[in-house]
Amino acid sequence: MCDKGSMAQYTRVSGFVGLITLQNPPVNALSAAVRQGIVDMVERALSDPIVKSVVICGQNGNFCGGADIKEFGTNMSGPPLVPMIDAIEAANKPVVAAIEGSALGGGLELALGCHYRIAHSKARLGLPEVTLGLLPAAGGTQRLSRLIGVPAALNLITTGIHVTAAQALQLGIVDQVTDHNAVEVAVTFSLSVAGQSMDARRISTYPCPLPSDFDALFEGVMQKVRQSARGAIAPVACVQAVRAAATLPYTKGMEREQELMATLFTSGQARAQQYCFFAQRAVGRWRMPSGARWETSKPMPVHKAAVIGLGTMGRGITVALAQTGLSVVAVETQEKQLMEAKQAVSGMLERGAKRHGVAPMLDRISYSQNIQAVAEVDLVIEAVFEDMALKTEVFQQLSAVCKPGTLLCTNTSALDVDKLASEMPNPELVVGMHFFAPAHVMKLLEVVYGPRSSPQAVATAMQLGKKMGKVSVAVGNCRGFVGNRMLMPYLQQAFFLLEEGATPELVDRALEEFGFPMGVFRMSDLSGLDIGWRVRKRDELVEPDMASGQSARIRQGSRYSPLGDLLCEQGRFGQKTGQGWYRYDKPGSRVARSDPWLHSFLVEYRARHGLVPRSIDHQEVLERCLYALINEGFRILEDGIAAGPEDIDVIYVFGYGWPRHRGGPMFYASMVGLAKILERLEHYQQAHPDVPYLQPSSLLRRLVASDSPPIHRWREVIKKYQSQL
Ligand SMILES: CCC[C@H](O)CC(=O)SCCNC(=O)CCNC(=O)[C@H](O)C(C)(C)COP(=O)([O-])OP(=O)([O-])OC[C@H]1O[C@@H](n2cnc3c(N)ncnc32)[C@H](O)[C@@H]1OP(=O)([O-])[O-]
């Protein structure tokens with residue numbers, strides 16, 4: 001017997017079991033129609049005298065991905081989740097959740113309302129609402145705390161991590177894990193408990209186990225969360241909701257959960273984080289200005305890959321490739337470096353495997369000093385030193401050695417991918433892969449295509465990035481690509497602010513309060529001041545014999561700050577030398593301390609150049625640094641280097657520490673208001689006419705002239721703008 005009418009299918013199986021199957025592909029999200037279906041089918045199963053027990057499962061081996069995020073921000077209709085789940089828990093017949101695939105957010109909350117939970121061994125469970133700027137508000141904070149205790153619930157709810165079925169069993173979230181068909185196991189099990197009282201299975205009636213060090217625990221967690229949340233309000237609300245579970249009766253705790261959710265639900269932070277969720281998925285649907293796009297471009301099969309050059313980046317890339325299960329040939333021509341790299345790579349693989357409780361993929365990698373070893377690979381990632389001549393030489397060797405059709409990728413953060421491709425017999429097989437250090441940890445990958453890169457090459461690099469667990473974004477070729485190009489005006493403004501009267505501490509504090517894990521100067525000290533110095537020297541911007549006055553601060557017709565160069569000339573390269581914008585206890589140490597030397601140096605510098613220091617507040621720091629960066633983002637969109645604002649935002653959130661609860665620079669601009677950004681840029685441009693980065697971009701002007709449409713409609717304006725160029 002079967003009813004297929006709604007988005008929750010009802011079937012009677014094994015004679016006496018009402019099987020309710022959620023049907024809302026791909027993740028069976030709890031849309032209004034699904035919730036209505038569940039309410040109706042549960043009622044039907046409970047009122048059917050033949051039915052002795054009920055099993056709830058999801059279609060296509062996937063239990064439920066939670067509330068339908070697409071419904072948020074709309075006029076939500078349909079039955080609410082809380083009474084729906086309460087009714088399931090109150091049922092007088094056993095209700096068993098058969099969990100396959102994922103049970104996340106509202107999906108897990110639904111399962112917690114059931115009397116038993118049986119999971120397939122490959123299932124994953126979690127309450128990731130915090131990553132969407134929310135909290136589990138369908139009883140999740142109240143039931144999970146009662147079921148598994150406060151410390152474990154706090155960990156899951158404040159981080160949003162997904163746990164495996166085995167971990168869920170250990171924590172007590174599920175009652176059984178099976179390698180067999182979870183639905184069949186659940187059906188059989190439900191019959192075995194049919195007729196029994198479910199009183200002892202209703203989690204809402206459990207007392208919340210209280211840890212002895214209750215106050216200290218909450219204080220500690222709250223402090224930790226506040227520190228790591230960097231201004232995000234959801235993790236704090238999650239702690240408060242769990243505290244309510246520990247201190248209040250269930251109904252009162254539920255009221256508190258609802259109250260806290262109401263605050264979060266309408267917050268700009270939740271909008272920003274939900275935007276990030278969809279943006280992260282949207283960047284996978286890449287397109288190139290040529291019209292080539294993800295749906296029509298088939299990736300080439302990659303079974304065997306190679307990495308050339310085993311410095312820091314090459315090692316990380318080798319680890320990331322081996323962890324995907326690919327065979328990897330790792331080439332390093334210098335013997336000593338090769339030996340060191342082998343040891344380092346094995347160590348990284350072993351540590352990673354230990355963390356995940358799996359065997360390390362050591363035998364996936366073969367090491368060689370000879371580039372001939374890559375003859376049979378399908379794809380090569382070159383990761384030698386950032387030097388065009390060296391990279392060109394390696395690429396020429398590769399095109400002589402590799403079998404026809406091998407994809408040649410260069411790991412570069414700055415070099416011209418088109419130029420490199422133009423030196424090759426098959427430029428269509430060349431793409432850039434800009435990894436971020438450490439390459440086996442950082443989630444972001446910029447896949448850089450040139451005008452001659454084939455769509456298949458881009459599709460292959462994008463797919464490989466995904467396999468490596470990266471969020472890959474396809475971008476056009478230009479100086480700095482997307483991320484580093486936007487960083488240039490940001491850095492430049494920070495330098496100018498120092499000249500005008502700010503200190504590194506003031507600038508960093510403003511940016512850290514905004515939500516960056518590190519301000520620009522602490523970050524520069526960490527990555528090394530010499531890197532930018534080398535680039536500026538190559539660009540002939542560094543002038544060793546420094547005159548004074550304004551003319552000494554002009555290069556190639558624009559305002560220039562030599563402050564970074566002056567520090568490097570003193571051997572102050574940041575953490576590695578123990579001195580940079582801050583001082584450190586010793587070279588390599590990480591705690592940045594204010595440096596009186598630096599402050600006197602700034603005073604002297606300003607005096608030498610006739611600069612009168614003025615008081616600068618946090619607002620100016622944010623506007624100057626962030627609006628200049630955003631302005632460059634608009635230029636990138638104008639130039640077609642990024643296909644849409646989502647691409648830029650994903651790059652900044654995953655690669656540059658932009659706080660997720662602020663959605664990325666372009667989303668942030670839309671929240672601040674484009675007219676305001678334009679007005680402030682115009683204001684600063686008037687004050688600093690020799691700074692081209694502050695000149696508002698034409699696209700920004702165009703968007704403001706088009707009444708600042710919402711961010712999801714920017715692409716229409718961009719398209720129109722580009723077609724008129
Ligand atoms: C009162 C309420 C209280 C409640 O506590 C609140 C919640 O439950 S909040 C929710 C808490 N739950 C979560 O935070 C879980 C969020 N979801 C996930 O983490 C992953 O999607 C999942 C692990 C399930 C599958 O990963 P995968 O296999 O790599 O697949 P994928 O990621 O590529 O997604 C495929 C497609 O499905 C789409 N979509 C997915 N989920 C939802 C959704 N809930 N809704 C709508 N759509 C959703 C996704 O956009 C994509 O669409 P498209 O158009 O093809 O781009």
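I began with the ligand: of the 25 residues around it, Gly65, Gly66, Ala67, Gly105 and Gly106 come nearest. A residue counts as near a molecule or strand if its C-beta atom, placed from the backbone, lies within 6 Å of it. Strand E6 (102-104), helix H3 (106-113) and helix H11 (268-282) are the elements that give two or more residues to this shell. Helices (H or I, at least four residues) and strands (E, at least two) are DSSP runs, numbered from the N terminus.

I noted that the model is predicted: local features need pLDDT of at least 70, side-chain atom pairs count only at pLDDT 80 or more, and totals for chains, interfaces and linings use all residues. Residues are numbered from 1 along each chain as its sequence is written.

I then sorted the ligand shell by residue type and found 14 nonpolar, six polar and five charged residues. Here Ala, Val, Leu, Ile, Met, Phe, Trp, Tyr, Cys and Pro count as nonpolar, Asp, Glu, Lys and Arg as charged, and the others, Gly among them, as polar.

Next I looked up the domains. The assignment gives domain 1 (2-265), domain 2 (297-481), domain 3 (522-608) and domain 4 (618-723); such bounds come from an automatic or database domain assignment. I find the C-alpha centres of domain 1 and domain 4 to be 40 Å apart.

I compared this with the UniProt record. An unreviewed entry places "domain: 3-hydroxyacyl-CoA dehydrogenase NAD binding" at residues 304-477. That span is 39% helix and 23% strand, and its end C-alpha atoms lie 27 Å apart. The unreviewed entry also has "domain: 3-hydroxyacyl-CoA dehydrogenase C-terminal", covering residues 480-584 and 621-706. Over residues 621-706 I read 69% helix and 0% strand, with 28 Å between the end C-alpha atoms. UniProt positions are given in the numbering used here, feature names are shortened, and annotations may be inferred rather than shown by experiment.

I turned to the cores. The largest nonpolar core has 131 residues, and those with the most contacts inside it include Ala306, Val328, Val380 and Val458. Helix H23 (residues 618-638) gives the most to this core, with 10 residues. Apart from it lies another core, of 84 residues, among them Ala8, Val55, Val177 and Ala244. A nonpolar core is a set of buried Ala, Val, Leu, Ile, Met, Phe, Trp, Tyr and Cys residues joined through C-beta atoms within 7 Å. A residue is buried if 20 or more other C-beta atoms lie within 10 Å of its own, exposed if 12 or fewer, and partly exposed in between, with C-beta atoms placed from the backbone.

I examined Val96, which lies in strand E5 (residues 95-99). Val96 counts as buried because it has 30 C-beta neighbours inside 10 Å. Leaving aside neighbours within four places in sequence, its contacts include Ser53, Val55, Tyr116 and Phe189; a contact requires C-beta atoms, placed from the backbone, within 7 Å.

Finally I checked the backbone. The peptide bond from Pro25 to Pro26 is cis, with omega near 5 degrees, and Pro26 is in the loop between strand E3 (17-22) and helix H1 (32-47). The bond from Ala437 to Pro438 is also cis, with omega near -10 degrees. Asn60 has a positive phi of about 55 degrees although it is not a glycine; Asn60 is partly exposed, with 13 other C-beta atoms within 10 Å.

Definitions and conventions:
Contact = placed C-beta atoms within 7 Å.
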